[in-house]
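Colleague: Could you walk me through this one slowly? I would like to start with the whole chain and then look at a few details.

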Amino acid sequence: MPSLRVRTERAEPGRLLQHADPRAPLAIRRGADGVVGRGEAMRLEFRGPTRFTDAADAWRQVARDAVVDDAVGVPGTGLIAFGAFAFDDASTATSVLIVPKVVVGRRGDDAWITWIGDEGVLHPTAVEEVRVELTDGAIDPARYRAMVVEATERIRAGEAEKVVVARDRVGRLPQGGDVRSVAVGLVQRYPDAVTYAVDGVIGASPETLIAAHRGHFFSRVLAGTAARGATPALDAEIAEALASGDKDLREHRYAADSALEVLLALAPDARASEPFPLRLPNLWHLATDISGTLGDRSTLDVLALLHPTAAVAGTPRAASLALIRELEGVDRGRYAGPVGWIDGEGGGEWVIALRGAEIAPDGSIRAFAGAGIVAGSDADAELAETAVKLRPITDALADPLPGAGPVS
Ligand SMILES: C=C(O[C@@H]1C=C(C(=O)O)C=C[C@H]1O)C(=O)O
């Protein structure tokens with residue numbers, strides 16, 4: 001592989017998403033911060049059960065060979081790749097690491113441009129609005145309801161303790177449609193979530209699988225969900241009920257334990273918070289934050305062990321994955337897989353590809369949303385929960401730029 005020449009300079013790139021390719025934007029954003037890439041200086045593809053460790057090995061070599069001149073030195077500067085990984089070992093979807101030709105970024109008061117290979121000129125272009133309506137996919141609401149009933153019966157029969165089943169909605173991007181408008185719609189509506197756009201995978205995730213810098217890591221596990229209340233009093237009551245409800249706490253505990261077990265084996269000092277209610281614009285989640293010291297381990301090696309947590313698969317892991325394959329009967333692709341960026345030291349930020357969709361090169365769109373099923377789950381409530389989880393991507397596709405503010 002040819003070695004990459006990388007140069008980061010301090011610069012004010014303006015609106016980050018205007019620098020992305022309208023057809024194939026690369027972006028990981030949280031509010032005004034984040035990294036946005038354009039072009040492909042290098043593209044690495046992986047498949048199957050060894051996709052994470054293969055990617056970790058390949059990336060170590062790319063990073064070792066790269067010649068990097070980084071005048072800024074904050075997370076996201078220097079050599080980085082954007083990545084998106086398939087959910088299931090058996091998926092036909094490719095997992096990718098993409099090094100763009102140019103990256104623009106912002107983190108607090110720092111802003112920069114990174115050139116990979118030849119230095120060129122930036123050519124920002126205004127984001128054009130596309131509007132797409134989604135319709136029922138392979139798993140329509142009636143089938144999803146039946147799937148939840150079946151899942152609870154299989155749990156009662158002892159096949160698993162928790163299984164996360166999902167349904168899909170589909171649509172089509174008009175020819176030449178500007179995918180960046182969807183990202184702008186998500187950044188504006190969900191400034192506290194991570195808006196991601198990598199190789200057609202796009203959404204706004206509230207769930208950080210692993211973020212690491214200089215050996216320190218942070219992980220946020222979400223499981224247990226309730227829609228927001230219409231009045232402040234009702235909303236507070238809902239949060240309170242979520243944080244003390246037996247079913248949601250059980251459902252949450254499976255997910256938090258699955259992540260903590262893996263992270264403790266890698267980082268003996270890993271510490272977990274107590275579960276707390278996390279407020280999002282459209283819903284409440286139960287959240288557990290985990291942090292600790294990882295040493296110089298690559299985040300891709302961590303993903304190899306951490307993915308899939310019981311927040312998106314279930315407990316026990318193997319039994320829940322078998323049930324998901326059987327009950328859903330469709331390839332999840334990169335839905336619920338890790339999406340994010342990695343730097344030359346293996347640090348970076350990976351979230352779970354939730355609250356989003358995949359846009360294929362032919363323009364076909366498939367959005368997924370799921371819910372964790374445990375003993376005692378109610379099919380109508382779980383169906384309603386998936387509808388709330390589909391809202392971010394549904395709204396961003398239907399009406400991407402409602403009063404486009406300055407954060408694009
Ligand atoms: C599976 C999804 O979300 C996951 C499942 C949750 C739950 O069951 O309560 C909550 C957050 C996510 O970990 C999704 O958004 O599609």
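This is a predicted model: local features need pLDDT of at least 70, side-chain atom pairs count only at pLDDT 80 or more; totals for chains, interfaces and linings use all residues.

Colleague: How many helices and strands does the protein chain have?

Modeller: The secondary structure of the protein chain comes to eight helices and 23 strands. Its radius of gyration is 20 Å, close to the 22 Å that the globule rule gives for 408 residues, so the chain is as compact as a globular protein of that length.

Colleague: And what share of the residues is buried?

Modeller: Buried residues make up 51% of the 408, and among contacts between residues at least 6 apart in sequence, 77% join residues at least 24 apart.

Colleague: Which domain does UniProt place at residues 142–389?

Modeller: The unreviewed UniProt entry gives "Chorismate-utilising enzyme C-terminal" for that stretch, and over these residues the chain is 36% helix and 34% strand, with end C-alpha atoms 17 Å apart.

Colleague: Switching to helix H5, what span should its 21 residues have?

Modeller: At 1.5 Å a residue, H5 (residues 246–266) should span 30 Å, and its end C-alpha atoms are 30 Å apart, which agrees. The buried residues of H5 include Asp 248, Glu 251, His 252 and Leu 263.

Colleague: Where does Arg 297 lie?

Modeller: Arg 297 lies in the loop between strand E18 and helix H6, and it counts as partly exposed because it has 17 C-beta neighbours inside 10 Å.

Colleague: What is Arg 297 in contact with, leaving aside its neighbours within four places in sequence?

Modeller: On that basis, Arg 297 is in contact with Leu 266, Val 302 and Gly 346.

Conventions: Residues are numbered from 1 along each chain as its sequence is written. Helices (H or I, at least four residues) and strands (E, at least two) are DSSP runs, numbered from the N terminus. The expected span of a helix is 1.5 Å times one less than its number of residues. A residue is buried if 20 or more other C-beta atoms lie within 10 Å of its own, exposed if 12 or fewer, and partly exposed in between; C-beta atoms are placed from the backbone. UniProt positions are given in the numbering used here, feature names are shortened, and annotations may be inferred rather than shown by experiment. Two residues are in contact if their C-beta atoms, placed from the backbone, lie within 7 Å. The radius of gyration is taken over C-alpha atoms; the globule rule is 2.2 Å times the number of residues to the power 0.38.
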